[in-house]
Every structure is written in C-alpha cells, then in structure tokens.
Amino acid sequence: MSLQVLKRRFVKYNDRREDWALIRKAYQFALKAHAGQKRVSGESYITHPLGVAYILADLELDLVTIVTGLLHDVLEDTPVTYDEIEKEFGEEVASLVDGVTKLSRMEFRSKEEHQAETWRKMFVAMARDIRVILIKLADRTHNMRTLRYLNSSKQKEISLETLEIYAPLAHRLGIYKIKWELEDLAFRYLNKQEYYYLVDKLSKKRREREDFIGRMIEILKEKITEAGIAADISGRPKHLYSIYNKMKNQGKDFNEIYDLTAVRIIVDSVRDCYAALGIVHTLWRPIPGHFNDYIAMPKPNMYQSLHTTVVCAENELLEVQIRTKEMHRTAEYGIAAHWKYKEKVRDDREFEEKLSWLRQLLDWQQDLKDAHEFMEHLRIDLFADEVFVFTPRGDVIDLPAGSIPLDFAYKIHTDIGNHCVGAKVNGRIVPLEYKLKTGDIVEIITSKQGNPSRDWLKFVKSSQAKSKIRAWFKKERREENIAKGKETLEREIRKLHLEPHLLLKEQLLEEVGAKFNLLSEDDVYAAVGYGGVSPQQVITKLQDEYRKKFGEEKRQLPPPVELKPWKGAAKAAKGIKVQGIDNLLIRFSKCCNPLPGDEIIGFTTRGRGISIHRVDCPNIMRAAGEKERYLQVFWEADNDLSYPVEIEVTGMDRPNFLTEVMYAVSESKVNITAVNGRMSKDKMAVVHLTFVVRDLEHLEHIMNRIKRVKDVFSVRRYAEANSVQERNVRQISRKGW
C-alpha cells in the first residue's frame with residue numbers, strides 16, 4: 001500500500017486538487033507522528049493508516065472521513081494531542097479521531113469492562129456522527145487482513161469479537177462488502193479445519209459449478225433480451241461462512257448443499273425487476289417459501305432486492321437475485337451509498353430514520369451499568385436474526401427473532417408497552433408470551449390500569465423492551481425498589497452466614513455505590529431492587545470495603561432446626577413422602593397450591609409441621625437464606641387423591657363470557673368449589689376459579705380448554721400470596737408458613 005495507490009482510488013470519484021492536497025497533508029502528519037513505530041509484521045506503522053484510508057476510499061466516502069482514516073491512531077499511539085489535530089485539520093476531523101480512539105489510557109477492573117466502555121464511547125460518538133463506526137469498520141477490516149502475524153490465541157480473540165460485534169454492525173449498516181470479508185476472515189482463524197475443508201471442496205467443484213452457472217446465464221440473457229429488458233447478469237459465489245452456517249444449521253454435508261452459487265440480475269427500473277422475476281418463474285419452477293420481496297418490504301439497513309430459488313432443468317437449485325443498479329450500490333455500500341455529508345444535507349429525515357436502531361441502542365445502553373450485561377445485550381441486538389411484522393395500518397416493524405407482542409408494543413411506544421394487557425395476532429387473541437413470526441399483523445390491547453410486571457423481563461427478547469421495563473420500575477416504584485433491594489441484600493448476606501448489620505452500613509454502601517455511579521444508600525438499594533445491579537456484585541464490593549476498614553467479617557452459623565415426629569391428633573397429609581422422617585404433620589401451602597407433577601420442597605415451620613411448596617413459590621425463593629429448613633419431599637407413586645387449585649382467567653368482557661369459561665371447565669367433569677369475577681372500566685374481565693384436579697397434567701388439560709374460549713387473553717395458576725406478598729412479606733418471614 002502506498003500513497004499513490006490511495007490517490008488513484010480517491011480521484012476516481014473526487015478530482016478536486018485541494019481535497020487531495022489535504023489528504024497528502026494528513027499523510028505527512030501521520031507519517032511524522034508514527035515515525036519509528038513498527039507493526040508486528042515488521043512493516044512501518046504508516047501502512048496501517050494508509051490501508052484504512054484506502055478501504056474508506058473504496059466505499060467512496062467524503063474527504064473528512066479519508067483524512068480521519070489516516071489520523072485515526074495518532075491520539076492513541078503517539079504524543080499528538082486533540083488540540084494539535086484541531087489546529088491542523090479542524091474540529092470535525094479532531095472529533096472523529098477522538099470518537100474512534102479506544103479508552104486505552106484509562107484503568108479498568110476487567111477486560112470485559114474495558115471492551116464495554118470502549119463501545120459505550122463509540123456509540124455516543126456514533127450518535128453524533130455515524131462516520132465513527134465506518135472508520136472503525138475499515139480499521140478492523142485492515143487488521144483482519146494482516147492477522148496472520150499475531151499468535152494463535154490473539155487471532156482467535158480478535159476474530160471472535162469481529163464475528164460477534166463488527167460483522168453484525170456492518171450488516172446493520174448494510175455494508176455487505178465489508179460484512180462478508182470480515183465473516184470469512186474470522187471464520188478462517190476460528191475454525192481453520194472447516195475453513196480449509198470448504199476451500200478444498202469448492203476448488204474441486206469450481207469448473208463444474210462455473211459451467212452450470214454459465215449455461216443458466218445464457219438461457220436468462222436470451223429470454224430477458226427477447227422481452228426487451230436491458231440487464232447485466234452475473235454469477236455470485238456464496239461466501240464460505242454462509243455455506244458453513246447453512247451446513248451447521250441444517251445438519252447437511254457439503255455434497256448436500258446445492259445452491260452454492262447465485263445468479264444476480266441487475267436492471268434499470270423496479271418495473272423491470274418484477275418483469276425479470278416473471279421470466280425466471282416461467283423458465284423454472286420456484287420453490288415454495290423461498291421467495292422474498294425486499295423491494296416492497298426493504299430491510300432496516302436499506303437493502304432492496306428480489307430473492308427467489310428455483311429448480312432448474314438439471315434438477316439443481318439456483319438462487320436468483322434481481323435488483324436495480326441503485327439497489328445494487330446500496331447492497332454493496334449500505335449507508336455509505338446514501339452518505340448525506342457528500343451533498344452536505346443536514347436535515348435528511350429519511351436518512352435519520354435509517355439510523356433509528358442506533359438511537360435505540362444508545363437509549364438502553366445508558367441504563368446498563370454492568371459490563372457483562374452490556375456486552376451480552378449488545379451481541380443480542382446486533383447479531384440476532386430478525387422477524388418483520390406489521391401494524392394494523394401496514395407499517396413494517398423489525399424485531400429480534402423470538403420476540404413477543406410486548407417487544408412489538410415497546411417498539412411502537414413506551415406508553416403502549418407499559419399499559420399493554422393483551423395482543424391480537426392476525427385477528428386472534430394470543431398470550432403475551434406468543435412468539436411472533438414474519439408476516440404477522442400485530443394489534444396491542446391497552447388499559448389505563450395496566451402496568452409492567454417483573455415477569456415480563458423473563459420473556460421479552462429485545463434490549464429496548466427490557467430497558468423500558470426496568471426504567472418503569474426504577475421511576476414509578478422507587479420506595480418498593482428500595483425495600484426489595486434491602487431485603488434481597490440482607491437475604492443474600494445471610495446465605496453467606498454473615499451479619500447484614502455489619503455490611504449494610506451507610507458509609508460502606510455509599511462508597512460501593514460510587515463504583516456504580518449511584519449517589520446514595522437508597523440508590524444502591526433501589527438499583528438492586530429493579531435489577532440494575534446484581535446483589536452479588538454489591539456484596540462482593542461491600543466485603544472488600546469492610547475488610548479494608550474493619551478486617552475480616554464475623555460469621556455466625558445459625559442453629560440447626562430440630563425435627564421431631566408429630567404426636568398430635570391430626571393426621572399427616574397423604575400423597576407426600578418426607579425423606580428419612582415418618583409421622584410428621586404435613587400441610588399444603590395455600591400460597592402456591594402444589595399439585596402432583598409439580599416439583600416440590602418441604603419447609604420446616606415453627607410448631608406447624610412441614611409446609612409443602614412448589615420449588616418456584618415466591619415465599620420459598622424469599623427464604624433462600626434459610627436452606628437448613630428445607631426438606632426433600634416426594635409425591636407418592638400410587639396417589640388417587642384430588643387437590644384444590646385456583647386459576648385466573650383474563651379476557652375481554654362480553655355477554656356469556658363467564659358462562660363459556662365455566663362450561664369449558666365443567667366439560668372436564670371436575671368439581672368447581674368457588675368462582676369470583678370482576679370487570680374493569682376498560683371492559684377487561686378477570687375470573688378466579690377454584691376446582692379440584694388429580695394432578696398437573698389434569699390441570700393443564702383444563703387450562704388448554706379454557707384458552708380455546710373466544711376472547712380469552714391468558715389463563716394461569718393463581719396463588720393467594722401473589723396479591724399480598726409484597727405487603728406482608730416481612731410478617732410471613734417472621735412467623736413462618
């Protein structure tokens with residue numbers, strides 16, 4: 001790579017002499033700043049900035065971006081200051097260089113934290129100027145091209161980050177030219193055996209594949225020309241990583257992959273795209289389910305094309321892509337093809353809408369203080385496959401694969417998500433946990449009384465939804481969060497057999513809070529309460545601070561609970577066995593109403609025998625610090641008893657709703673012992689039914705019958721404690737169950 005090579009590429013799309021003069025000045029500045037520095041390969045360091053600038057010029061980016069590419073490492077690797085760059089090249093270039101610079105001069109507690117903070121800074125810079133990530137992608141691409149000079153461990157570490165973060169970013173920006181190269185290079189170092197196996201297989205079949213594609217292109221050219229359509233037709237080999245993924249995901253061998261090459265047809269207009277598609281489908285039989293119209297429904301990264309897979313006369317599969325010249329340019333260069341800085345357009349609303357996903361990333365990442373959580377959510381948001389669903393008005397909404405109606409609701413608006421009480425998909429009411437599929441038409445049902453549930457965090461897929469749910473609990477329920485956080489910390493500290501009053505001192509909590517950007521003792525409790533910080537992180541740091549000030553913590557083991565056989569008049573509950581102990585008073589807890597088939601656990605109460613709970617019972621989970629009171633219990637194998645259970649049915653109130661629900665239950669020939677129902681102002685019906693069942697399977701059968709009743713939103717088991725546990729948790733904990 002030399003300055004002349006860069007010049008030849010740059011002047012192809014920008015022949016202004018004064019612009020090239022500024023690039024030459026930036027080169028001389030970088031050459032002087034990096035004087036004496038060498039790369040691991042032994043080459044002069046300036047070859048790297050030159051390589052980055054060439055990649056940016058290959059994307060035909062603007063002058064400021066090329067200059068920044070040449071200077072992108074001077075702040076990090078040389079004594080040059082921000083002010084010097086600003087003086088020589090202006091504020092715009094200096095700001096871009098700073099945005100790309102890693103946080104290498106700061107101290108971090110872990111490598112993951114360093115990585116997280118680097119990405120946080122880049123996202124903030126990207127929000128101001130998207131060119132930051134374009135430069136960063138060019139930087140990573142050139143580094144991947146020269147990765148062979150590093151040791152094996154470093155190669156794998158850099159390749160994994162490239163595959164998890166940089167390639168998905170290139171995909172999000174629609175820059176497939178860079179995405180494919182990054183994926184194939186990373187694949188080469190992460191899985192050399194599979195990589196070279198595919199290289200060998202492809203080279204052996206190359207002549208055969210080229211002959212087949214050549215024949216198909218000739219047939220297409222003849223028919224498309226007869227139709228009077230001007231078209232450029234060429235073959236496009238599949239990329240190694242995409243072939244590998246297809247083999248892995250479909251469990252196929254290389255010899256079973258038939259569509260190793262695609263034919264691309266580039267025409268002049270959208271009308272010609274659909275005409276060419278008609279010709280292709282007339283020539284060969286299309287495979288159902290393998291047609292995608294990305295022209296009518298573009299991807300969020302602006303990609304547009306028609307994709308179809310057909311069976312040719314030789315019984316081979318052929319993938320055909322059809323697009324216009326402008327669409328092809330967008331497919332190669334993505335957001336760079338529509339670069340607003342070229343025309344100096346500052347109020348391009350359409351361009352800003354294309355970057356809405358970046359704004360969303362910026363919104364939720366500011367609420368994530370934990371480095372591990374931040375990186376995990378970043379990987380999910382960038383790398384997850386997507387589903388495309390519709391609003392009732394026909395607008396297309398893209399969501400991560402596996403998303404549920406709540407993800408859709410929060411994507412539309414925060415208030416719609418917060419007040420969501422139900423959803424309709426394709427006109428039918430579905431549970432909120434329903435997984436959306438591409439093409440679904442989604443309608444959200446809201447209620448003024450509706451509020452988020454903490455359980456939603458377990459089901460939603462998108463980081464945006466999780467962030468908004470946490471934000472609601474953080475803002476609306478601060479007092480509740482403080483109480484819950486304090487209680488959680490006390491419980492977790494007791495599990496370690498430590499004294500809560502020693503660690504939960506105001507001074508210690510404030511010092512620990514400062515490490516998480518929390519200003520007060522209550523802020524720490526609240527953060528633990530709404531899930532912003534894990535209790536384990538806080539306790540670890542509390543222990544460190546305590547040791548610094550007072551030495552080792554005092555541990556106090558709790559006295560064992562003595563179990564004695566029951567000698568009273570009451571009989572022990574049937575259907576339950578307690579391991580190692582007979583003749584104990586046993587009772588089923590009303591807070592969770594366990595049934596045969598549920599995983600259960602026994603809890604030793606004070607003076608009231610053994611209480612049987614489901615293992616996921618909220619009260620049992622709150623008593624996790626008292627494991628010495630747990631007992632292993634089992635359902636008896638031959639058990640012909642029946643057990644009461646209460647369920648909650650939620651639906652749209654209408655005439656005969658309760659009658660139809662009751663009929664669905666009575667059809668199963670069970671005894672209904674109690675019914676309680678109410679209607680909200682928003683015509684929402686909530687019905688509580690108590691009836692007797694044999695076991696969990698029997699209950700699920702009845703619940704499935706109820707779910708088929710028209711206008712039913714949800715059916716779930718109802719525990720008495722759900723409505724009062726937040727209010728009475730301390731009393732319950734003190735008295736035992």
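**Ground rules.** I am working with a predicted model, where local features need pLDDT of at least 70 and side-chain atom pairs count only at pLDDT 80 or more, while totals for chains, interfaces and linings use all residues. I number residues from 1 along each chain as its sequence is written, and side-chain values use heavy atoms, with hydrogens and water left out.

**Confidence.** I looked up pLDDT, the predictor's confidence in each residue, from 0 to 100. The protein chain averages 78, and 79% of the residues score at least 70. I marked residues 556–572, where pLDDT stays under 50. For that stretch the model has 22 contacts beyond four places in sequence, a contact being heavy atoms within 4.5 Å.

**A sheet.** I then turned to the strands; helices (H or I, at least four residues) and strands (E, at least two) are DSSP runs, numbered from the N terminus. Two strands pair if DSSP finds at least two bridges between them. I found an open, antiparallel sheet of four strands in the order β18-β19-β17-β20. Here β18 (672–679) and β20 (712–717) each have a single partner strand, so one side of each is left without a neighbour in the sheet. The twist averages 15 degrees from one strand to the next; axes are lines fitted to C-alpha atoms, for helices over the stretch in contact, and angles run from 0 to 180 degrees between N-to-C directions. Seven bridges join β18 to β19 (residues 684–693), and valine 675 stands opposite leucine 689 in β19.

I checked the helices here too. Helix α31 (residues 657–666) lies across β17, β18, β19 and β20, at about 20 degrees to β19. Helix α32 (residues 696–707) lies across β17, β19 and β20, at about 165 degrees to β20.

**Salt bridges.** I found 20 in the structure, each a side-chain nitrogen of Lys or Arg within 4 Å of a carboxyl oxygen of Asp or Glu. One joins arginine 329 and glutamate 60 (3.3 Å, N to O). This pair links helix α16 to the loop between α3 and α4, 269 residues apart.

**Cysteines.** How many disulfides does a search of the whole structure find? I got zero, a disulfide being a pair of cysteine sulfur atoms within 2.5 Å. Cysteine 312 is buried at 4% relative accessible area, and cysteine 420 is buried at 3%. Buried means under 20%, exposed over 50%, partly exposed in between (1.4 Å probe, protein chains only).
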